[in-house]
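Please read the following walk through the model with the sequence and the coordinates open. The text takes strands, a helix, aromatic rings and the ligand in turn.

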Amino acid sequence: MKLPPFKYACPTTISEALVLLASHDGDAKPLAGGQSLVPMLAFRVASPALLVDLRKLAELRQIKIAQDGVSLGAMVRWREILDDARLRTAHPLLVAAVEHVAHYQIRNRGTVGGSIAHADPAAEMPGIAVTCEAKIAVIGKSGEREIAAADFFEGPLMTTLKADEIITEIRLPAWPAQRRFGFQEFARRRGDFAMAAAAVFYDEDGDKKARNAHVGVIGVGDRPLRLQTVEAAVNGQKVDEVTIAKAEAAASAAVDPADDIHASGAYRKALVGVMVERALKNAAV
Ligand SMILES: Cc1cc2nc3c(=O)[nH]c(=O)nc-3n(C[C@H](O)[C@H](O)[C@H](O)COP(=O)(O)OP(=O)(O)OC[C@H]3O[C@@H](n4cnc5c(N)ncnc54)[C@H](O)[C@@H]3O)c2cc1C
């Protein structure tokens with residue numbers, strides 16, 4: 001399908017990009033990897049008057065690893081995350097999740113900022129951001145702000161991002177070396193969007209009891225979800241078969257997915273429990 005007509009600009013500085021975005025009364029859009037936006041143009045789901053290509057903004061391409069955490073520039077591509085050996089220890093849960101994102105060609109183009117802005121409820125990166133309490137850094141004509149991932153996603157393809165704002169960074173808190181984690185996803189074919197997936201991590205006390213449990217799921221709601229009831233079932237417990245069975249039941253009970261063309265809500269409800277069970281088993285070994 002042919003794309004609708006649009007004007008195109010490729011700024012070399014963020015300030016130039018912001019001026020361009022503000023120039024069309026909300027009818028301009030940033031273009032990152034194009035892996036979601038271009039299909040949306042083709043299907044006429046979006047038809048902005050101006051596309052502002054972010055590919056020349058080198059400052060958005062950096063992966064920074066510091067004591068206080070990992071910062072991913074918005075234009076960092078999936079392939080760059082998988083190729084960065086430092087991230088395998090600095091944030092192994094992120095890497096485990098990104099291994100499930102799409103296919104080779106799409107991973108070479110798609111970006112973390114594009115995924116966060118696109119806000120697909122079945123996408124891995126928004127799920128990791130919510131599970132890990134990431135902060136989303138954005139800049140617009142009225143300045144910079146930082147939004148907690150839990151407040152950023154408002155529904156399918158809906159966020160608190162304003163039309164004149166650009167995501168600059170996704171900031172993930174520091175990851176202790178001994179932290180236990182697991183990521184499990186079920187999709188019909190590898191690389192498809194998740195039917196359901198679970199990201200879990202926890203730390204351990206000296207007596208091997210879990211604390212600081214974080215459990216997030218995707219594909220089973222209108223946005224990525226943190227499941228506090230599952231976290232409560234894990235915290236203070238040894239992560240053994242009994243705890244895992246309680247967590248599985250709590251996960252299924254916590255979600256209420258709708259029926260859609262891919263699966264019934266009942267199926268996804270059961271599936272998300274299995275994803276949490278498997279992710280906790282991965283974490284516990
Ligand atoms: C066949 C196929 C399979 C896929 N499978 C998966 C999958 O399994 N998991 C998954 O997570 N994704 C999947 N994707 C999507 C892919 O990961 C995209 O890369 C991602 O959703 C969007 O990133 P992008 O860089 O391509 O953004 P674009 O398509 O360029 O932009 C997407 C949206 O974000 C906005 N945007 C982009 N960057 C910024 C920014 N810095 N600030 C503000 N707004 C911005 C754009 O204006 C647009 O609205 C798939 C895509 C395809 C085509």
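How many of the nine residues of strand E13 (residues 210–218) are buried? The model is a predicted one, and in it seven of the nine residues of E13 are buried, which leaves the strand mostly covered.

E13 has a pairing with strand E12 (residues 196–204), antiparallel in sense and made of seven bridges. One of the residue pairs to look for is Asp 203 with Arg 211, its bridge partner in E13. Five residues lie between the two strands of this hairpin, and Lys 208 has a positive phi near 70 degrees there. E13 is also joined to strand E14 (residues 225–226), again with the strands running antiparallel, through two bridges. Here Gly 216 has Arg 226 of E14 as its bridge partner. The hairpin of E13 and E14 has six residues between the strands, and Gly 219 is the residue with a positive phi, near 85 degrees.

As a general point on strands, side chains in a regular strand alternate between the two faces of the sheet.

Next comes a sheet with another sense of pairing. Three strands form an open sheet in the order E1-E3-E2, and their pairing is parallel. Strand E1 (7–9) and strand E2 (28–31) are the edge strands, each of them pairing on one side only. On average, neighbouring strands of this sheet are turned by 25 degrees against each other, with direction ignored. Between E2 and strand E3 (residues 50–53), which run parallel, there are four bridges. Pro 30 takes part in this pairing, with Val 52 in E3 as its bridge partner.

Pro 30 leads on to the ligand. The ligand is surrounded by 32 residues, and Pro 30 is among the closest, together with Gln 35, Leu 37, Thr 111 and Glu 124. Several polar distances can be followed in the view. From the side chain of Ser 36, an N or O atom is 2.8 Å from an oxygen atom of the ligand. Leu 37 takes part through its backbone, where a polar atom is 2.7 Å from a ligand oxygen. Glu 124 uses its side chain: a polar atom there lies 2.7 Å from a nitrogen atom of the ligand.

Glu 124 also belongs to helix H8, where it is buried. Why is H8 (residues 124–131) described as largely enclosed by the rest of the structure? Because eight of its eight residues are buried. Besides Glu 124, these are Met 125, Pro 126, Gly 127, Ile 128, Ala 129, Val 130 and Thr 131. After H8 comes Glu 133, with a positive phi near 60 degrees.

The aromatic rings remain. A pair of such rings is described by the distance of the centres and the angle of the planes. The structure has three aromatic pairs. One of them joins Phe 152 and Phe 153, with 5.2 Å from centre to centre and 85 degrees between the planes, an edge-to-face arrangement. Phe 152 and Phe 153 are both buried. Elsewhere, ring pairs connect Trp 175, Phe 181 and Phe 201 into a cluster. Trp 175 has a further neighbour in Arg 179, which lies over the face of the ring, 5.0 Å from the ring centre.

Definitions and conventions:
Residues numbered from 1 in each chain as written. Predicted model: local features only at pLDDT ≥ 70, side-chain atom pairs only at ≥ 80, totals over all residues. Heavy atoms only, no water. Pairing = 2+ DSSP bridges. Axes fitted to C-alpha atoms, helices over the stretch in contact; angles between N-to-C directions. Buried < 20%, exposed > 50% of the residue type's maximum accessible area, 1.4 Å probe, protein only. Phe/Tyr/Trp six-rings, centres within 6.5 Å; stacked < 30°, edge-to-face > 60°. Lys NZ or Arg CZ within 6 Å of the ring centre and 35° of its normal. Near = heavy atom within 4 Å. Polar contact = N/O pair within 3.5 Å; in protein donor to acceptor, adjacent residues only side chain to side chain.
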